[in-house]
Amino acid sequence: MLKVESLSYRHAHSDRQALKDVSFGLAPGQSLLLTGRSGSGKSTLLAILAGLYPHFLKGSLEGRATLDGLEAGRGGVAEWGKGARLMLQNPEAQFFAGTVGEEILLTLRCRGVTGQEADDIAKERLGTLGLLALRDHSVFKLSEGQKQKAVLAAFTSLRPKLLLLDEPSANLDPSFLADLKSVLKNLRKEGLSLIVADHRLYWLEGLCERLLVLEEGQVAFEGSFGDLADGQRRHRLGLRSPEAPRPTELPGPRGLNLPAAAPAGPEGHPVSETGNPEGHPASEAASPEAPPANGSLQAVQTAVTVGGNGWAVRVENLRFSYPEGRELFGGLSLSLAAGEVTALTGPSGRGKTTLARLLCGLEKPTQGRVTYQGKPAGLELGQVVLQNADHQLYMPTVLAEVTLSLGQGKGGKAVKAKAMEILEAFGLAELADRHPQSLSGGEKQRLVVAVGLARPTKLLALDEPTSGLDGRNLSLMAAEIRKAAQAGPAVLVVTHDLELVSLCADRQLELTGPMALSPGGQP
Amino acid sequence: MRALSRIDHYRGAGRLSLRAETRLMMTAVASISSLVLSDPQALALLLSFSALYAVAETKPKTLLIAYLFMAVMCSVALFCVWLLGFVFPIIRESSLSMAISPFLRLAVTMNAILPLALNSRLTDLAMALGRLHLPGLVRLPLMVTIRFIPTILNDMIQLREAVGIRFRGRKGFLFWLSHPFTWWRVFFQPLIVRLIRSADELAMAAELKGLEPNTEFGGSPLPFSTHDRATMLLAALAMVLSGLAQILVGAHAGR
């Protein structure tokens, strides 16, 4: 039984309480959804419950957390880790072995389990989590969902009592989320208690019966998952919806969900693809039963009307192969309309990010061409905001990041005013003088998108811009993306976030077909 | 169904599929030799042998990136030495061999470490280190350090891409050569931040995994293959020849 009693925590060198008087309990086999706005203290609470205080968290702690009598912070991470395991948001950081099978064996070896006993446990875990076929595959070349399952297989091999998951849905597509949910349900049947900290809520229905909402480090609401149905409460707490938006409910004035994505012609047809037989309804072509003939990708749910501003981006007969020769796109043609937001969706590993990189000129096609209103595509006219914000921020202040993007690195009153306006829109104005690397993950994510939107461009591609955002910031981001599109460029949003799609996309392009393989890797 | 514990029966990746022990030995030989040798010509000979080993075991692109990175670091170091020369004139009077030798040593060591870091699995290394009876306090930091190298390379690639995007595709060498301070700001500063963060994350992940200094990995050794033997022979030959070069050419130069 986990007991958290009056837990308060203040980070080192900070005068702000990260957690204030948090108390709750969790019985064996129970599961808890931990949510709240970005920066509300969820990850800090998980880190304490994973035993990372005081070895890694060097601040001051009051109150206590106990798991079956053992107190967190006493006995070291390893001792506490026998009972509780934390899966970080980035599963790759937790790999130390070469293959999936070895990762489990290594975890067991760390606890002194070796030989036949270790083999038996590893096989059982691989079978339970559906990883037997991947046991000899490199952990670094798995898809995000498979990486999470590999970590889960390793961590549950030692039968911990409590499993803590930090934003497990951040990089997963809906199909992998359903898979993960089923895996977690099975683990619960084994008596495992779960605490899932996440912003995306819809996939947790039926998995987490209890709910704990944090706000500025305090418990703002405690109840059941069903309490999320109250829209006013959700709005007040800045939470997302507990219901998954259906793609058929997508808004947009330009004819979403119109059937019969016609094959691309030289003029006026928005999307075509060589594997989609002429005249087939798009939805039919997208079904798993109808894979493309040449193993390339399919486009579904395409708009057939052209925006008033005309085509901004045209892709003609695009072919792309990895260096070792494996083909990802085999003759893809599509167009993106100026002033429209196109959501590029589909399961992990199908090539969404690669397509966005090709459209922006970050990758070169093997054959075919990409043009922006007749001019060759490239980073001079295109812009892509990558997933990892840390790599994209380097100016001394938040304000300087935006002014640099506005093309006036040295500033000037008008440029600064414009930059402040952009920061205001993204809820970052108060942080204008902070160093970008000192921001929280969600704040950095908003800043890199703000920086991307600040630049004049023909094509703006955003790769998973909302993976770690709460409900309020999701709405804010969606509104800004729409506003950016209205200014003229074609906007392409690569995302697994169905809520974002429903909030801002004019049309949706879904990449289906056989899973793309990374160079030398596995699906 | 064969045993899952292939962990005990694995040869490393890389074209030569060497054992972890062989790669560790190559690293040790390169490090010790480059410490002992001081003559630039002897070091250059050692460098050519180590380059053969690195080319055989590492992807050309990775090797090129590593060399470029080293070239930049060396340029920064030389620039700082040049600046120091204004304060301490004795530095400006030092010989070319004194200036070159540290960089040759660095290159030799890098040639030996890259195949070890990129082609060996951590579990194999841990077992190999265990068989060499190294204490856990040495093994664990070494494992985390080696696990760190692919992360650094990945960070560098992503940073380079991010800079290319932000500066409208200006990735050309000449542009950055003419804007060293911009490069410092947009590449090196975020790289340092990333390195610190990644180091923290990996240390935390190791703790969460349960990796501790006293963790025993066990594992039975494999026999050395022809490639292992040939590589070790090459290492011995490199040591002897470069040692001779140090004695003969170095002594001659000394006169």
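Predicted model: local features only at pLDDT ≥ 70, side-chain atom pairs only at ≥ 80, totals over all residues.
**View 1. A right-handed crossing between α7(B) and α9(B)****.** Residues are numbered from 1 along each chain as its sequence is written, with chains lettered from A and ligands numbered from 1 in the order in which they are written. Helix α7 covers residues 136-166 of chain B and α9 covers residues 180-209; their axes come within 9 Å and cross at roughly 145°. Axes here are lines fitted to C-alpha atoms, for helices over the stretch in contact, with angles running from 0 to 180 degrees between N-to-C directions. On the α7(B) side the contact includes B:Phe148, B:Ile152 and B:Met156, and on the α9(B) side B:Phe187, B:Leu191 and B:Leu195 are among the partners. Contact means C-beta atoms, placed from the backbone, within 7 Å. By class, this contact has 15 nonpolar, two polar and three charged residues; Ala, Val, Leu, Ile, Met, Phe, Trp, Tyr, Cys and Pro are nonpolar, Asp, Glu, Lys and Arg charged, and the others, Gly among them, polar.

**View 2. Chain B and B:Leu52****.** Chain B has ten helices and zero strands, taken as DSSP runs numbered from the N terminus (helices are H or I, at least four residues; strands are E, at least two). Of its 255 residues, 34% are buried. That label needs 20 or more other C-beta atoms within 10 Å of a residue's own, with 12 or fewer making it exposed, anything in between partly exposed, and C-beta atoms placed from the backbone. B:Leu52 sits in helix α2 (residues 40-57) of chain B and counts as partly exposed because it has 14 C-beta neighbours inside 10 Å. B:Phe69 is 17 residues away along the chain, and the two C-alpha atoms are separated by 19 Å.

**View 3. Helix α13 of chain A****.** Chain A comes to 14 helices and 20 strands, and 54% of its 523 residues count as buried. The 16 residues of α13 (residues 471-486) should span 22 Å at 1.5 Å a residue, so the 23 Å between the end C-alpha atoms agrees; the expected span is 1.5 Å times one less than the number of residues. Buried residues in α13(A) include A:Leu474, A:Met477 and A:Ile481. After the helix comes A:Gly488, with a positive phi near 135°.

**View 4. The largest nonpolar core****.** A nonpolar core is a set of buried Ala, Val, Leu, Ile, Met, Phe, Trp, Tyr and Cys residues joined through C-beta atoms within 7 Å. The largest one has 119 residues, and A:Ile48, A:Leu49, A:Leu164 and A:Ile195 have the most contacts inside it. Its largest share, ten residues, comes from helix α5 (residues 96-119) of chain B. Leaving out residues up to four places away in sequence, A:Ile195 touches A:Leu26, A:Leu32, A:Leu34, A:Leu46, A:Leu49 and A:Leu164.

**View 5. Where chain A touches chain B****.** Here 41 residues of chain A are in contact with 37 of chain B. On the chain A side, α3(A) gives the most, with seven residues. That side divides into 20 nonpolar, 13 polar and eight charged residues.

Technical notes:
Left-handed = near helix turned anticlockwise from the far one by under 90°. Contact = placed C-beta atoms within 7 Å.
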